[in-house]
Amino acid sequence: MPRTERDDRDDRRDGGRERRDDERERRDGDRDRRDDRDDERDRRGGDRERREDRGRERPRRRPMDARGAAVSAVRQVWELTGEEPEGVVSLERGEEGWTVGVEVVETHRVPDTADVLALYRVTVDDEGGLVSYRRGGRYSRGEGGG
């Protein structure tokens with residue numbers, strides 16, 4: 001068999017392989033485009049579900065209890081003053097939330113009975129957020145305060 005006939009036959013065989021490869025790539029591209037459309041449809045559906053959720057009422061959380069209010073108030077005073085609170089000295093439920101009296105050592109002295117303390121009145125809402133904050137009187141530890 002002359003060389004040119006064999007070459008022609010090989011070319012036809014390779015051409016068939018190339019056509020199959022081209023066909024496979026086209027099918028893969030079609031599949032990728034379908035997947036992209038499905039993904040986009042899913043995203044739009046997810047957006048629609050989130051929009052529908054907006055109109056629904058969320059379940060109401062229980063109001064904060066006294067302990068939670070005290071912990072939140074102590075944290076708020078600590079963050080605002082930079083001083084570690086000595087303790088909670090009062091706690092009262094009101095219309096705006098909880099009003100908590102927090103005692104803070106503002107000046108450390110020797111002996112400890114000469115420390116200067118301050119009483120902070122902090123109001124936190126039912127989620128523990130700060131509503132109001134003010135420093136009351138300052139006093140020496142040995143005198144008591146109010």
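**Salt bridges and strand pairing**

R138 is partly exposed, at 46% relative accessibility. The structure is a predicted model: local features need pLDDT of at least 70, and side-chain atom pairs count only at pLDDT 80 or more, whereas totals for chains, interfaces and linings use all residues. Residues are numbered from 1 along each chain as its sequence is written, and side-chain values use heavy atoms, with hydrogens and water left out.

Side chains of opposite charge can pair when their charged atoms come close. A salt bridge is counted when a side-chain nitrogen of Lys or Arg lies within 4 Å of a carboxyl oxygen of Asp or Glu. The structure holds 6 such bridges.

R138 takes part in one of them. Its partner is E106, and the closest N and O atoms are 3.2 Å apart. This pair links distant parts of the chain, 32 residues apart: R138 belongs to strand 4, E106 to strand 2 (residues 98-107). Strands are DSSP runs (E, at least two residues), as are helices (H or I, at least four), and both are numbered from the N terminus.

R138 also has a place in the strand pairing. A118 stands opposite R138 in strand 4. Strand 3 and strand 4 run antiparallel and are joined by 8 bridges. Two strands pair if DSSP finds at least two bridges between them. The hairpin of strand 3 and strand 4 has 5 residues between the strands. There, G128 takes a positive phi near 95 degrees.

The side chains of D126 and R93 meet at 2.7 Å, N to O. D126 sits in the loop between strand 3 (116-124) and strand 4 (130-140), while R93 sits in strand 1 (residues 85-93), 33 residues apart. D126 is partly exposed, with a relative accessible area of 26%. R93 is partly exposed too, at 40%.

D115 forms a salt bridge with R141, with 3.1 Å between the closest N and O atoms. The two residues are 26 residues apart: D115 is in the loop between strand 2 and strand 3, and R141 is in the segment after strand 4. Is D115 buried or exposed? At 3% relative accessibility, D115 counts as buried. R141 is partly exposed, with a relative accessible area of 31%. Salt bridges that share partners join E86, D115 and R141 into one network.

Notes: Buried means under 20% relative accessible area, exposed over 50%, partly exposed in between (1.4 Å probe, protein chains only).
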